[in-house]
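Okay, thanks for making time, everyone. Let me put the model up on the screen and we'll walk through it together.

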Amino acid sequence: MKIFWLIGEKFLKLSEELGCAYKMFMQILHTFLTGKYDKENTTYQMVLIGVKSIPVILLTSAFTGMVLALQTAYSTRNIFNEPIYIGSVVGFSIVKELGPVLTAVVLAGRVGAAIASELGTMKVTEQIDALYTLGTNPIRYLAVPRFISMVIMVPILTIFADIVGIIGGFFVSVYKLGIAPVVYQNDILDYMRTEDLFHGLIKSVFFALIIVTTACYKGFTCEGGAEGVGRSTTQTVVISMVMILVSDYFLTALLVMFGVG
Amino acid sequence: MIKIVNIHKSFCENVVFKGVDLEIKDGETITIIGGSGCGKSVLIKHIVGLLKPDSGEIYVDNEEITKLDEDKLFEVQKKFGFLFQSAALFDSLNVKENVAFGLRNLKIMSEHDISEKVKECLSRIGLEGIENMKPSELSGGMKKRVALARAIATGPKYIFYDEPTTGIDPIMADVINDLIIHLQKTLAVTSIVVTHDMTSAYKISNHIAMLYDGKIIGEGTPSEFKKTENMYIKQFTTGSSVGPIKMKVR
């Protein structure tokens, strides 16, 4: 009997948390749509979230493209006795899946954790209460600038990741595997369509929403001093990563169903 | 005038208020005393609208604030200045930006006037020339004083002090007490102080109320509190472990 009670309690708590997170998301969206947000802070967040994430995104995507080219070459050589379709495999994998997913996962770790810990620290040190008493809505001042920055910067970073990943694959194909540059290029251009790029970019917007909503919610509801900040930060990263990977499947199925990529 | 009428509040199983009634007259300095965790800070957070009661009413200048929407509540909050227990200075901003924060939100002053106002507020609390320092470079006492400068910058009618002397040395605590009295005299504000420091309470207040077991169990002037026969108040003000208030040691 106790096990049912425990499961029920967990389920209720999860439902309550999801409801509160959804309510916060709607508050952020409403504030954004009414145009009541701090523009100076938004620019600062774009630099912090977007520009400063460029090196780590470029590094991870370049090596992902390179290893993908290498693995594809070994696999096709085993089956067909020669490395073929490397450009297509690298292009499709990077643009539709690995570009958006890896970018989102890296940003969940780098930016999601930073947002949750910063807002969480502000919460436990009463700085968020201080904002209220100084006539500032914390959603407007803290959450909306981060929301806008994420929704704009994640797709841009995904495009960078796509380009650098494909270039990484190109270098391995040409200089290590000895494939002619034009073959790699034709493998991509002959088979890929613009919809494939949009497929990845649409997913990246959803991933940005997942990261920023989770991070803001966990930050604003943080309790329990330094330990609470650590817990909120960890939960933000874990929840964001799991939700990115789970939602990726459903988003892919949905987008394919509607003919996007 | 602030009037609290029969407010009740619980956090899950924990009942904090069981019908609190309190009236705060304009121009007075009222100190709310009570043991740690009895709900003193929760009470003033209700008055400024940071928390909502489960039932009951709170009137600020005859306006009931517990059911106001966010925009109307922000209008009422313009009357308040709040000194938080932890000072709550914004880490990412320097002293000048912290003190100017509320002024910039009001959008009623030019940048030049804001700079002058910041200088004036810092001078009132005896900390000139620290405008460019970050909160991390300040001592505990300096942080509280800067937070006080931020609280008075917008010219509030009511100033709330949450444990103003906690966590600082006795001399700095007395400096803060003197500042509270000085601001009270020069700005003619209504001050609402929450503390369990009786030295401070007796020095700064002209009215004291004690919160115990979710209710206000006694009110009076400092001299009335010193002579009280109420066993709960007597035990608390004398700081005795013997009496009707039982502390859980284990």
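So, to start: which residues of H5(B) are buried? Before the answer, some housekeeping: this is a predicted model, where local features need pLDDT of at least 70, side-chain atom pairs count only at pLDDT 80 or more, and totals for chains, interfaces and linings use all residues. Residues are numbered from 1 along each chain as its sequence is written, with chains lettered from A and ligands numbered from 1 in the order in which they are written.

The buried ones are B:Met142, B:Lys143, B:Lys144, B:Arg145, B:Val146, B:Ala147, B:Leu148, B:Ala149, B:Arg150, B:Ala151, B:Ile152 and B:Ala153. Buried here means 20 or more other C-beta atoms within 10 Å of a residue's own; 12 or fewer is exposed, anything in between is partly exposed, and the C-beta atoms are placed from the backbone. Helices and strands, by the way, are DSSP runs numbered from the N terminus (H or I, at least four residues, for helices; E, at least two, for strands).

What do those buried residues pack against? In chain B, strand S6 (80-83), helix H3 (95-106), helix H4 (111-124), strand S7 (158-162) and helix H6 (170-187). Contact means C-beta atoms, again placed from the backbone, within 7 Å. Just past the helix, B:Gly155 has a positive phi of about 65 degrees.

Now the sheet in chain B. Six strands make an open, mixed sheet, in the order S6-S7-S8-S3-S9-S10. S6 and S10 of chain B are the edges: each has a single partner strand, so one side of each has no neighbour in the sheet. Pairing takes at least two DSSP bridges between two strands. S9(B) and S10(B) are antiparallel over five bridges, and B:Tyr212 sits opposite B:Lys215 in S10(B). In the loop between strand S9 (207-212) and strand S10 (215-220) of chain B you'll find B:Asp213. B:Asp213 isn't a glycine, yet its phi is positive, about 50 degrees.

Over to chain A, which has nine helices and zero strands. Its C-alpha atoms fill a box of roughly 70 × 55 × 35 Å along the principal axes, and of its 261 residues 43% count as buried. There's another non-glycine with a positive phi here: A:Tyr85, at about 55 degrees. A:Tyr85 is in the loop between helix H3 (54-80) and helix H4 (86-124) of chain A, and with 17 C-beta neighbours inside 10 Å, A:Tyr85 counts as partly exposed.

The largest nonpolar core has 127 residues, and the ones touching the most other members are A:Ala104, A:Ile211, A:Cys216, B:Val99, B:Ala147, B:Ala149 and B:Phe160. H4(A) gives the most to this core, with 18 residues. A core like this is a set of buried Ala, Val, Leu, Ile, Met, Phe, Trp, Tyr and Cys residues joined through C-beta atoms within 7 Å. Take A:Cys216: leaving aside neighbours within four places in sequence, A:Cys216 contacts A:Met24, A:Ile28, A:Ile115, A:Leu119, A:Ala143 and A:Arg146.

And between the chains? The contact takes eleven residues from chain A and 15 residues from chain B.

Methods:
Two residues are in contact if their C-beta atoms, placed from the backbone, lie within 7 Å.
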